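Reader: Before I set up any calculation, I would like to go through this model with you, one question at a time.

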Amino acid sequence: MGWENQTILVEFFLKGLSGYPRLEVLFFVLILLMYVVILLGNGTLIILSILDSRLHTPMYFFLGNLSFLDICYTSTSIPSTLVSFLSERKTISFSGCAVQMFLGLAMGTTECVLLGMMAFDRYVAICNPLRYLIIMNRNSYVTMAAGSWLSGVVNSAVQTAFVVRLPFCRNNVINHFSCEILAVMKLACADISGNEFIMLVATTLFTLMPLLLIVMSYSLIVSSILKIHSSEGRSKAFSTCSAHLTVVIIFYGTILFMYMKPKSKDILNSDGLDATDKLISMFYGVMTPMMNPLIYSLRNKDVKEALKNLLSRILICK
């Protein structure tokens, strides 16, 4: 494409659900309520993991990180999405888009790696319980969490830097609710094969490798659980990792559905599929962080007991 068709973009238009005004109002209310639940639920888990001494273990340290991560991840896109639902001018500046891309990708990558670390923690706890406190000492689990965050920041910084350097043409319409990196890359009027290769390598390292670690960990966990003779022992062992496994299935299940569906289907009824893809993306961005604290609190006696103690303290203070 010739240089005469290129221009310096100062803002992008976020298409979102522009063709569905009634849905915009509906989803404004739904997402606002979900966002409040995300803040309250994950915020409560963070407070409990700090205040209750019984939760000062590697598993709850990782859970606190996951809750903080979910708050950060949703806060990078949901507030601006809510504003765009009620605004006629659905635009975002180029610099604002770059920041949103960086933060969103950083949080998403960190969560992938962190879920892998949490799976390894459950593997050690169930398959090697006598050495658990030795292997998962404070230095180990703090380093694992810090490594997860560092992986997300580095991966996102590299990919975002390569995307913002691309030349963009007059088309500035992002067919998404927010500045999702793939949606922005499609607007570039240059060869993006290099960016796609970098993304493929990053996906392999930071998404598929943690998934492989999760699969291997739970394969060994299931094998160990089946060797336990008593049904009570098997039930107790499974309950310690069922919440994490549920979160993993929801998180990776949504990702796989979004990015690995057959492309041939995109040809048919593309407008309807666009709307469906956007709603699935919204589910990935809102439902998963909202359900994480519910899953961990409903399935965990320690969290329930810590919550009861916290509520008791509040009532006594009043």
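Author: Arg122 is buried, and so is Asp121, where buried means under 20% relative accessible area, exposed over 50% and partly exposed in between, with a 1.4 Å probe and protein chains only. The model is a predicted one, in which local features need pLDDT of at least 70 and side-chain atom pairs count only at pLDDT 80 or more, while totals for chains, interfaces and linings use all residues. Residues are numbered from 1 along each chain as its sequence is written, and side-chain values use heavy atoms, with hydrogens and water left out.

Reader: How far apart are the closest N and O atoms of Arg122 and Asp121?

Author: A salt bridge is counted when a side-chain nitrogen of Lys or Arg lies within 4 Å of a carboxyl oxygen of Asp or Glu, and the structure holds two of them. Arg122 forms one with Asp121, and the distance between their closest N and O atoms is 2.9 Å.

Reader: Is Asp52 buried or exposed?

Author: Asp52 meets Arg54 in a salt bridge between side chains, at 3.1 Å from N to O. Arg54 is partly exposed, with a relative accessible area of 42%. Asp52 has a relative accessibility of 10%, so the residue counts as buried.

Reader: Within what arc do the buried residues of α11 fall?

Author: Helix α11 covers residues 301–317, and its buried residues are Val303, Ala306 and Leu310. Seen down the helix axis, with directions taken from the axis to the C-beta atoms, these buried residues line one face of α11, because they fall within an arc of 65°.

Reader: What separation do the C-alpha atoms of Phe177 and Met282 have?

Author: Phe177 sits in the loop between β3 (173–174) and α7 (181–185), strands being DSSP runs of E with at least two residues. Phe177 counts as buried, at 8% relative accessibility. Phe177 and Met282 are 105 residues apart along the chain, and their C-alpha atoms are separated by 8.3 Å.

Key. Helices (H or I, at least four residues) and strands (E, at least two) are DSSP runs, numbered from the N terminus. The expected span of a helix is 1.5 Å times one less than its number of residues.
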